[in-house]
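Please look over the structure shown below.

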Amino acid sequence: MNIGFVGVGRMGANMARRLKDRGFHVTAVYDVNRTIATLLAQELGCAASQDLSEVSAGADVIITVVTDNSAMRQIFGGSGDNLLINARGKLFINCATISPQVHVDIEKMAQQAGAQALEACMASSITQAREGLLYLMCGGSNEAFRKAEPVLKELGSTVRFVGTAGEAAKVKALVNMVMNINTAGLAEGLGLGAAFGLDLKMLREVFSQTGAASRVLQTDGEDMENREHSCFFSAAHAAKDSGIALELARNVGLELPLARATKEQYDRMVTEGLGELDKSGIAELTFKDRHKHSGDHV
């Protein structure tokens, strides 16, 4: 099976490496950042396509991992060059965290071009992408899901079919919304503990054995204390994803004050030049001695 990749940043590149390791033929990679695409292509022994249509022409399955709604619409509907030009008979597996309606629209566009599209939303990070341990939530037609399964099972330890197009994206938006709220809450708890002069290692241990326990405590707690914010999931993406959840809430007439406050915190990180830090970097806003950010000490 020939696989093409569009979007080979931290996640996409490691997914491509994983599939090559598992015996799939990666035919081409594409990214708006030509440098990273060229370097990955040299590593994998494939083409670094300059045109999206070339990726579709040479692959049976095209996996897309792009940044946002605008990028998604551009790669499928851009004038002059897009993925649907040579798309008849192709399967697109779309892994970006974007608005559910965009997934619905892309599925319709693919069908009109004689292709299939499946959303495969990822609730994992870079390490899991490289090791084939992603948690994947899929939405689309049953036919597209069954066709994609051989690829998905090599990328994920859990592969769940949620429902029709857009449904998996709704679940993913809620996953990230709750994760972001938990991260912001943990940062405030540790920040207040630090202001009291408490031993933060002790505090994290207490948190882990009580109702304050959470997944982000395991992944981010020590990093918040040590100011180690190497990026696995950026603050900028956290802001974007919290915005998707708030948009969905508005559509059904719900007010989500915690999600809104969390988005405001991550928006503030972006404004202060901290958007490319890991989401754990939200602690830089809550610890009493970290209110002035210079970047050189973060």
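The dialogue that follows treats a predicted model.

Q: Which residues have the most contacts inside the largest nonpolar core?

A: In soluble globular proteins, nonpolar side chains tend to be buried together. Here the largest nonpolar core comprises 36 residues, and those with the most contacts inside it are Phe-5, Met-15, Val-29, Ile-63, Ile-93 and Leu-152. Helix α7, spanning residues 142-155, gives the most to this core, namely six residues.

Q: Which residues does Ile-93 touch, not counting residues up to four places away in sequence?

A: With those sequence neighbours left out, the contacts of Ile-93 include Val-61, Ile-62, Ile-63 and Thr-64. Leu-118, Ala-120, Ala-148, Val-151 and Leu-152 also touch Ile-93.

Q: Is Ser-234 buried or exposed?

A: Ser-234 is buried because its relative accessibility is 1%, and buried means under 20%. The residue lies in the loop between α10 (215-226) and α11 (235-251). Not counting residues up to four places away in sequence, Ser-234 touches Arg-10, Gly-275, Glu-276, Leu-277, Asp-278 and Lys-279.

Q: Which residues make the nonpolar surface patch of about 460 Å²?

A: This patch is made by Leu-192, Phe-196, Leu-198, Met-202 and Val-206. Two or more of its residues come from each of α8 (167-196) and α9 (200-208). Leu-198 is placed in the loop between α8 and α9. With a relative accessible area of 38%, Leu-198 is partly exposed, because that class lies between the 20% and 50% limits.

How values were computed: Residues are numbered from 1 along each chain as its sequence is written. This is a predicted model: local features need pLDDT of at least 70, side-chain atom pairs count only at pLDDT 80 or more; totals for chains, interfaces and linings use all residues. Side-chain values use heavy atoms; hydrogens and water are left out. A nonpolar core is a set of buried Ala, Val, Leu, Ile, Met, Phe, Trp, Tyr and Cys residues joined through side-chain atoms within 4.5 Å. Buried means under 20% relative accessible area, exposed over 50%, partly exposed in between (1.4 Å probe, protein chains only). Helices (H or I, at least four residues) and strands (E, at least two) are DSSP runs, numbered from the N terminus. Contact means heavy atoms within 4.5 Å. Patches are made of residues with over 30% relative accessible area and no salt bridge: like charges are joined within 9 Å, nonpolar side chains (Val, Leu, Ile, Met, Phe, Trp, Tyr) within 5 Å. Accessible areas come from the Shrake-Rupley method with a 1.4 Å probe; for residues, only the protein chains shown count as cover. A salt bridge is a side-chain nitrogen of Lys or Arg within 4 Å of a carboxyl oxygen of Asp or Glu.
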